[in-house]
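Subject: Structure handover and findings

Dear colleague,

I am passing on the structure below, together with notes on what was found in it. Please read the notes with the structure open.

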Amino acid sequence: MSKIDYDLTKIKGIVFDVDGVLSPSTLPLDDDGHPRRMGNVKDGYAMQLAVKSGLKLAVITGGFSAPVAARMKLLGIDAYYENVADKLPVLKSWMERESLLPEEVAYMGDDIPDLRCLRYVGLPTAPYDAAWEVKSESLYISKFSGGYGAARDLIEQVMKARGLWSANEEKAYKW
């Protein structure tokens, strides 16, 4: 049984922010002052499994990171958008390209730049440590913080509702 009060069988696409969602809000800086993002292995496993299972995933971030772009490619996520100041037009364009209606999309964001997207989709969600403005707009707040399993939490619940999640080890190794 899902903890999300929404018909998750409708969800065909999930969109994530990076900083504060797929990576923790606190980022170490390199010698040049650029953030060094971390990724969660369990989030990554769920993301690649979702892609292989036919869910549409997209990542829209205001930041720029060659390592994050490379990781998204490794996970099978073709819809990776970076350096995006206004995320809503990118979200709408991706949804149109994928023939998705707002009620078929979940979005997980953590801060002010995500608000317009959260208000547009059917299932707005947030990590546990999201800004209060984002939490107030979200139908679901994960018990996990950004970068610490929030993405997997959402993906797993959607996939279970749609009959796509499996703990079958044999299925887990098929690339």
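A polar contact here is a pair of N or O atoms within 3.5 Å; within protein, one must be able to donate a hydrogen and the other to accept it. Asn 40 caps the N-terminal end of helix H1 in this way, with a side-chain oxygen 2.8 Å from the backbone nitrogen of Lys 42. Please keep in mind that the model is predicted.

Helix H1

The 12 residues of H1 should span 16 Å at 1.5 Å a residue, and the end C-alpha atoms are 17 Å apart, which agrees. Buried residues in H1 are Asp 43, Gly 44, Ala 46, Met 47, Gln 48, Leu 49 and Ala 50. The buried residues of H1 pack against E1, E2, H2 and H6. After the helix comes Gly 54, which has a positive phi, near 100 degrees.

In soluble globular proteins, nonpolar side chains tend to be buried together. In this model the largest nonpolar core has 32 residues, and those with the most contacts inside it are Ile 14, Phe 16, Leu 22, Met 47, Met 72 and Leu 154. At least two residues of this core come from each of strand E1 (13–16), helix H1 (41–52), strand E2 (56–60), helix H2 (66–74), strand E4 (105–108) and H6. H6 supplies the largest share, six residues. Leaving out residues up to four places away in sequence, Phe 16 touches Val 21, Leu 22, Met 47, Leu 57, Ala 58, Val 59, Ile 60, Met 108, Ala 151, Leu 154 and Ile 155. Another core, of 20 residues, lies apart from this one, and Val 15, Val 84, Leu 100 and Tyr 107 are among its members.

Salt bridges

Nine salt bridges were found in the whole structure. In one of them, the side chains of Lys 87 and Asp 17 meet at 3.0 Å, N to O. Lys 87 lies in helix H3 (residues 87–97) and Asp 17 in the loop between E1 and H1, so this pair ties together parts that are 70 residues apart in sequence. Lys 87 also forms a salt bridge with Asp 114, at 2.8 Å, N to O. Asp 114 is in the loop between E4 and helix H4 (115–120), 27 residues from Lys 87, and the pair links distant parts of the chain.

Helix H6

Glu 156 and Arg 152 form a salt bridge of 3.2 Å, N to O. Both lie in H6, four residues apart, about one turn of the helix. Arg 152, at 22% relative accessible area, is partly exposed.

Asp 153 is also in H6 (residues 150–161). Asp 153 is buried yet has no salt bridge, and the nearest side chain of opposite charge, Lys 3, is 4.5 Å away. The side chain of Asp 153 does make a polar contact of 2.7 Å with that of Ser 142.

Gln 157, in the same helix H6, is buried at 9% relative accessibility. Its side chain makes a polar contact of 3.1 Å with that of Tyr 140. Gln 157 and Ser 2 are 155 residues apart in sequence, but their C-alpha atoms are 5.9 Å apart in space.

Regards

Terms used. Residues are numbered from 1 along each chain as its sequence is written. This is a predicted model: local features need pLDDT of at least 70, side-chain atom pairs count only at pLDDT 80 or more; totals for chains, interfaces and linings use all residues. Side-chain values use heavy atoms; hydrogens and water are left out. Buried means under 20% relative accessible area, exposed over 50%, partly exposed in between (1.4 Å probe, protein chains only). Lys and Arg count as positive and Asp and Glu as negative; His and the chain ends are not counted. A salt bridge is a side-chain nitrogen of Lys or Arg within 4 Å of a carboxyl oxygen of Asp or Glu. A nonpolar core is a set of buried Ala, Val, Leu, Ile, Met, Phe, Trp, Tyr and Cys residues joined through side-chain atoms within 4.5 Å. Contact means heavy atoms within 4.5 Å. The expected span of a helix is 1.5 Å times one less than its number of residues.
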